[in-house]
Structure formats: structure tokens, C-alpha cells
Amino acid sequence: MEGVNADIMQSGLQRLWAKRQGTILSHMHEIRDEILDQGQCASSYDNQPTDGELLGDGVKSRNEARYMEKELADTSDPEKISVPSAFNSLTTANLKNSDWSIEETSVVNLDGADLNDFPAKYSVPLLRPYEFAAVGVWIHPNIVPGFKYKVRPIENKERTRFLFDNRALELMSIGRGYSRRLTFEASPGLLNDNENYFWTDSMPSGYAFQVHVVSVGDNFTVFDANNVAVATIEVTKIPNAQREVDHEVVKNGEVRKNVEVSMLCKVDWFYKEDSSAITPVTGIAVASKLPRGSAKLIKILDASIGFIPCRGYTLIPGVDDKQRQLVLNGRSIGDAPTMYTMTGLEPYELPVIGTYVDPRIMPGFHYKVRPTGHKDYLFEGNALQLVNIGMGYGKRMTFKPDSHNLNNNTNFFWSDSYPEGYGFEPQAVFCGMKFDVMNDTQRIGEATVFRSDNPQIEDQQCIVKGTTGVTVTKYIHVDVTCQVMLKSDKSDNESHSVRVSGTAVVVKYSKQNESKLLYIDNVGLSSKLNLGLCANKKAKTTPKEELPPGSLLKDINGIEWEIQNIIGSGGFGYVYCGTKYKARTKTEYAIKTENMESGPLFVERMFYLKNVKEEDVKKWITIKKLKELPLPRFYGFGSTIHNDNKYRFIVIEKFDKDLEAFLQTVSDSLLLGAVINIVRQIIDALEFIHECGYVHWDIKCQNIFIGKKPKNNHVYLGDFGMVTKYKTEDVKPDKKCANNGTLNYIALDGHLGMHTRRGDLESLMYNGLEWLKIKLPWKNLTLPKTIKSKSYFETMNLIYNLEPAEKPDYALLKKLLKQYKTEKLSSK
């Protein structure tokens with residue numbers, strides 16, 4: 001192709017590019033345009049200079065031009081990939097001139113002949129020093145299959161935009177021919193339908209490649225200059241680009257790259273107590289790729305750690321717990337001022353060595369014990385209850401005796417018996433334990449634990465000192481395998497093998513010798529069974545510890561509220577009975593708390609503050625001619641700190657019981673008149689909520705409360721942790737919002753992800769049917785009773801016929817139901 005006119009070559013490339021975009025790559029091009037139009041750019045690279053900024057500073061641009069020229073033209077090492085001197089086509093004639101023109105150096109001229117390929121010539125905008133170009137037949141030799149790259153179209157835009165949803169993907173192959181297809185690793189689940197590819201001539205100005213050898217989530221073991229492990233780190237953020245500084249191909253075809261990396265890491269020092277701090281880390285990452293397979297990160301050399309950097313560390317990928325060293329000082333726990341170094345302790349094990357016994361190890365709880373450095377556990381691998389911790393230099397650790405050896409207990413040892421120390425692993429769940437499987441409040445099966453060999457990790461310990469003694473609560477992460485038997489309408493029960501993980505809450509009360517497992521919270525299931533069991537569960541964000549009785553909470557108005565006792569718990573956290581501190585009358589209030597990391601109580605607080613103002617409520621009652629608004633009264637809110645954990649709280653009206661507790665005292669269904677009385681009152685509450693612009697979206701008997709005498713025939717709708725704004729026009733399904741709420745009572749709109757006023761009313765009517773013991777067809781219940789109520793179903797039909805954005809006629813709904821006599825709630 002020698003002698004081909006450059007203009008003809010350029011126009012030919014333009015035609016080919018246009019043709020390919022219009023046919024073969026049309027789908028890819030639409031996806032790319034959609035990504036760019038939506039502004040999906042690399043947030044972690046937003047702090048990098050744009051192309052315009054790079055060219056705006058003459059000195060900086062000159063340095064980068066020289067750097068790129070050196071990178072592209074370095075042929076000093078015969079074993080390195082040879083790059084011909086034609087890369088010097090970068091215009092540098094006036095580099096030494098102080099009046100250096102930006103226009104003269106803003107492009108790089110590339111020639112395919114320099115790579116022994118087609119002699120096609122391209123003009124590419126000046127790239128950043130850590131980027132390599134690919135355009136047409138010209139692909140930079142440092143772009144090698146097997147390595148990961150972030151790829152961006154070379155465009156004159158202010159923000160950097162990357163392909164593949166801003167991900168760094170492994171380059172799988174480089175095609176051949178006049179235009180090269182670059183294929184990257186497929187997205188998960190799309191191996192046979194891989195769309196992660198493009199042709200190098202799809203963009204006229206080409207693509208810029210950034211090598212990527214370290215990723216967020218990578219773990220390393222840190223070794224000092226003496227090759228002693230001193231810490232472990234986890235990469236949490238990579239704020240800057242990774243800059244390739246050396247590329248080498250050795251004789252056996254292995255490709256080695258040295259890459260400058262800068263990252264933020266969670267550092268866990270073995271010798272320091274203030275571990276797990278987020279710290280900057282820099283170094284030179286060494287990656288290698290053999291002729292076959294993917295590139296692997298070998299190590300990070302000359303690493304610097306810290307804001308005032310400590311240098312000379314080497315980072316090896318992976319965490320080797322056998323290298324883990326722990327320095328213990330008895331003075332830190334109020335014991336003898338002895339110091340010990342333990343090696344090989346697992347991260348989830350609690351240390352015991354010499355005079356030192358970790359204060360988290362407490363009698364009454366169960367532990368598996370392993371001598372450090374050994375694989376085998378004591379007591380034949382069984383987890384035994386710790387009975388007593390002795391005193392003195394060598395503390396006797398006594399465990400519960402075997403059932404056949406009560407009078408000759410051999411289950412004990414001294415803390416200094418083994419010079420390397422012991423590791424204690426807490427145990428909350430054991431093989432053979434049985435649990436009820438609950439769907440909301442209904443028992444639908446039983447789970448039996450048959451494997452519990454995964455480590456059980458203590459997350460937190462809470463100690464509450466009261467007048468009767470000390471109560472200790474432990475929160476232990478468990479990961480076990482269960483055999484689950486579910487009830488079925490068929491004669492045979494359904495059996496499932498399910499992996500269950502969650503947080504086990506274990507409590508040892510004062511004056512009791514043995515701890516007790518209360519429940520497993522935040523349950524996750526590794527099975528499709530999860531859809532049936534947990535789809536209706538809100539994320540449970542129970543605080544990690546209870547606030548002790550007598551605690552004082554000060555709201556934003558300066559009023560102090562005194563905690564009395566726990567009266568309930570739920571998706572938001574704990575509910576306490578409380579009183580005003582030093583008040584003349586001991587009126588009881590409900591105080592709801594939530595860890596600051598959670599959100600439902602924040603939503604409920606904002607709903608009260610914005611909408612349930614006293615003057616607005618009075619005005620509403622007058623307009624609607626109501627006796628009262630069936631919502632709990634709101635008295636205050638604030639935040640508090642307990643044991644370094646921050647909680648938000650609200651104070652609302654306290655009721656004696658909710659409707660669920662009342663229904664449990666009723667041997668048969670409620671009278672029809674009683675159900676209609678409840679439904680009509682809740683319609684009043686919903687009308688007010690809807691008028692404020694919200695839907696409740698979680699109507700169930702647990703959120704309906706019964707008034708105190710003489711208002712024990714009044715009900716109140718509470719728990720606004722799921723209230724959501726609704727639309728008054730253009731209501732469309734949204735899969736992201738589908739199935740929010742309690743699954744048994746979700747309206748049809750709820751399954752589609754549409755928040756509507758008719759959906760709240762439909763959900764209420766489903767609840768009413770269940771209070772009448774009418775069978776809901778989607779529940780595995782056998783409740784043969786039926787109802788002959790024309791008006792009830794006329795009301796449901798009226799709700800069904802509403803348009804998604806239509807405002808219900810609440811008065812008409814109540815009128816249809818009014819023909820039945822209102823009755824007081826009473827049990828038969």
C-alpha cells in the first residue's frame with residue numbers, strides 16, 4: 001500500500017467507519033451513546049485533569065509530551081518490545097521555545113507502518129501519560145490480552161467517560177485485518193451473549209486504554225524490610241489512574257508490567273490497637289502474564305503507607321493468617337503488665353496466653369478452643385460452655401463437664417499451659433438445633449441445623465449493669481446449613497437444604513449460669529426459598545445493643561425522657577416504655593429507637609414533622625367532622641450516644657396492645673361489624689395520609705393499635721417507616737419498587753412497583769378479609785369460612801375500578817360500609 005495518497009486513505013477510513021457504525025455496530029453504538037448521554041462517567045476519576053486542562057499549562061504539557069515521547073520511543077533494552085522511532089512524529093519542534101504553541105503539540109501522528117502493519121496514518125489528540133492509543137490498524141504494543149483495562153473514547157469533552165459501565169475488564173483478544181475487533185471478558189451470566197467488544201475504527205479519533213492491575217476489594221499481607229508480616233490491608237478506593245512505568249517481554253513470552261498505584265486502604269496493623277484505619281498506600285505493582293491465561297498481580301514493591309508515609313514495605317496478594325501476629329499487653333485489661341506476641345491466631349479467635357485472657361471471653365458462653373499453631377481443637381472439637389475463669393498468674397479455664405463424668409471433670413486447662421497461647425472461637429449455633437420458620441407472624445415450617453463448621457464471629461458485646469446484676473449480650477455472625485421442612489397443602493412436606501447466615505443474639509442474664517440464644521437476626525438464605533420467606537421482610541436494622549433502663553434521652557427541645565423497659569422490637573429497632581423525667585404525672589410514652597446507620601425511623605420522623613402538626617390535625621378534624629384523627633400523637637425526637645454508638649429516637653403515644661395481640665385472644669373471627677368499624681377508621685387515617693401526598697404502604701394488624709379505655713373501640717394506624725410519595729399523573733410500573741411491604745397484603749399495584757392510593761385501600765381490604773378468617777388464595781392456609789357481605793365486596797370492586805392516579809371517594813367507601821352496625825372490639 002505504499003504510495004497511497006493520504007487524503008484517499010483518510011476518506012476511505014471515514015467511509016468504512018460510517019458503514020460499520022450504521023450496520024454491524026449499530027447496537028453497540030446505541031448503548032455507548034446512551035451511556036454518554038446519561039452522564040455515566042468515572043466518578044473516581046473526576047479529580048483528574050481533562051484534556052483541555054492538560055493542554056492549558058505549557059510547562060506541564062511539555063513534560064507530558066516528553067514523557068510520552070520517551071515511553072513510545074524507548075528501544076534501549078533489546079528484550080523490550082521494539083517501538084520504531086517513527087513515534088517521534090509527535091510535533092516537538094518548538095519544545096524549547098517559551099512561546100510553545102499548544103496547537104502544534106495537541107496531536108500525536110501515528111503510522112501503522114511503524115508497527116509493520118498497514119501504512120495507515122492517524123492523528124490522535126495528545127493522551128494522558130498513563131494512556132495508550134488504539135485506532136484503526138494502530139494498536140499500541142503495550143495493550144496486551146490478559147490484562148485489565150479501562151477504555152474511553154478519545155473525545156474533546158470536559159468529563160472523562162468510560163465504556164462498559166466504567167468497569168475495568170480483561171482484554172480477551174485482538175482481532176486481525178484492516179479493522180481490529182477488541183473483545184473483553186463477558187459480563188456475569190452473558191458468556192454466550194457477550195456484548196463487551198468494539199472495533200478500533202468505530203471512533204474516528206480512537207480509544208484510550210488505561211491498565212488496571214489493582215481493584216477495590218483486593219487484600220494484601222504487608223511485609224516489612226525484614227520480611228516479617230506486620231499488617232493486612234484491603235483496598236477500599238482507587239482515586240487515581242494506575243500508571244504503567246515499565247513493559248517487558250522476556251524470552252519465554254512472559255509479559256511483565258510495572259505499574260504505579262495509589263489507593264486508599266483499610267489497614268489492620270498487627271502491632272497497633274488503632275487498626276482498620278483508612279490510609280493512603282502507594283507503590284509499584286508488578287504484574288505478569290504467561291503466554292496463556294490471565295495476568296496475575298505478583299506483588300507491590302516499595303510501598304508507602306500512611307499520611308506521613310512509612311516506606312519500604314512489600315505487599316503480597318492475599319491474607320495469610322498464619323503470618324498474623326498479635327501483640328498483647330496485660331496492662332490494657334487491668335491485669336499484670338506482661339506482654340506477649342501470638343502468631344497464627346485466626347481473625348475470629350479471641351486470645352488467651354500466660355496471664356492474659358481476652359475480656360470478651362466470659363463464663364456462661366460456649367467456645368471452641370484451639371492451641372495456636374495447631375489444626376486440632378481441644379475437647380475433641382466440641383464447643384463447651386465456659387464455667388469459670390480462675391485467678392492468679394496462670395488462670396484455670398474450667399468448662400462444663402461431660403454428662404458421664406460430672407464428679408471428675410477433666411475439661412479444664414491453665415492459661416499458661418501452652419507457651420504459644422490458645423484461640424477461643426465463640427459458638428452460638430450448634431448441629432441439631434431446631435428453629436421455627438416464620439412468614440411474618442405465621443409459622444410455616446421448621447429448620448434443623450446439620451452443619452455448623454464455618455467460623456462464628458463475635459461482632460459486638462454489650463454489658464448492662466442493673467440492680468439485680470449484670471446482663472451480657474453477644475452478637476455473633478453465623479453461617480450454617482439447615483434442613484428446612486415447609487408445610488404444604490399436599491400430604492408430603494417440602495424439604496430444602498438451605499445455607500443460612502445472620503446475626504445470632506445470645507444473652508446471659510444475671511443470676512443465670514448459661515447463656516441463651518434468643519433469635520437470629522438479619523437472616524440471608526442461599527436459596528430460591530428466599531423469595532418465599534423473606535421477600536416480605538423489611539431490612540431489620542436492630543441496634544446492636546439495648547439501652548439500659550434509667551437511660552435519659554434529651555430531645556431537641558431539651559425535654560428529658562427516661563427509659564423504663566423494652567416493650568417491643570421490629571424492623572426499625574427497639575421500642576421502650578418511657579416517661580418524662582421528673583414529671584409530676586407518670587404518663588407512659590412509646591420511645592422508638594434506631595441506629596443512625598438505618599433509615600426507617602428517619603422516614604417516620606420526617607413524616608410526623610412535616611405533616612402531623614397539631615394545628616393541621618385540628619383543622620382536618622373540623623373539616624371532616626371527625627372525633628379524632630386515628631394516628632398516634634407525636635411528642636418529640638432527638639439523638640443519643642451510648643457506648644460510642646449513635647441512635648435516633650422519637651417519642652409518640654403509647655397503646656396497650658396492637659390488633660395482632662388482640663386477635664390472638666379471639667378464639668374465632670371478629671364480628672363483621674367490628675371489622676367494618678376498624679376498616680372505616682383506617683380509611684379516615686389513609687385519607688389524611690393521602691392528602692399529605694403519601695401512601696402508607698405497610699398496612700397490617702401489627703401496625704394498627706387499639707385505644708385505651710374508654711376509647712377501646714378506637715383504632716390508630718402507626719409505623720410510617722415505609723411511607724412514600726405517590727404520583728398524580730403518568731403512573732408507570734417500576735421493578736425497583738416492586739413487592740415493597742408485607743407480601744401477604746400487597747396490592748396489585750405493589751407487585752408492579754406503583755405507589756398508588758388505591759393500593760393502600762386494596763391492602764386494607766385484604767387485611768379485613770383475614771380478620772374475618774376468609775382464605776386469601778395466595779396463602780397456604782385452610783380457612784373454610786366464607787362471608788356473605790355484598791357491600792364489603794362492592795367496596796373492593798369500587799377500589800379495583802379506580803385508575804392508578806385517581807383520587808378515591810373516601811366518603812363513598814365509608815358509606816357503603818356504614819349499613820353494618822359498628823360494634824366494640826370484644827372477644828367471644
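Which side chains does a polar contact of 2.9 Å join? In this predicted model, the pair is lysine 592 and glutamate 604, where a polar contact is a pair of N or O atoms within 3.5 Å; within protein, one must be able to donate a hydrogen and the other to accept it, and residues adjacent in sequence count only if both atoms are side-chain atoms. Here is a quick tour of the rest.

**Around lysine 592**
- UniProt places a "binding site" feature at Lys592 in an unreviewed entry, and such annotations may be inferred rather than shown by experiment.
- Lysine 592 sits in strand 35, residues 589-595, and is buried at a relative accessible area of 5% (buried means under 20%, with a 1.4 Å probe and protein chains only).

**The chain overall**
- The protein chain has 14 helices and 42 strands (DSSP runs: H or I of at least four residues, E of at least two, numbered from the N terminus).
- Of its 828 residues, 48% are buried.
- Contacts are heavy atoms within 4.5 Å; among those between residues at least 6 apart in sequence, 58% join residues at least 24 apart.

**Confidence**
- The mean pLDDT (the predictor's confidence in each residue, from 0 to 100) is 78, and 78% of residues reach 70 or more.
- Residues 781-785 have pLDDT below 50, with ten contacts beyond near neighbours in sequence.
- Residues 821-828 are also below 50, with 22 such contacts.

**Ground rules**
- Numbering runs from 1 along each chain as its sequence is written, and side-chain values use heavy atoms, leaving out hydrogens and water.
- Local features need pLDDT of at least 70 and side-chain atom pairs 80 or more, while totals for chains, interfaces and linings use all residues.

Methods
Buried < 20%, exposed > 50% of the residue type's maximum accessible area, 1.4 Å probe, protein only.
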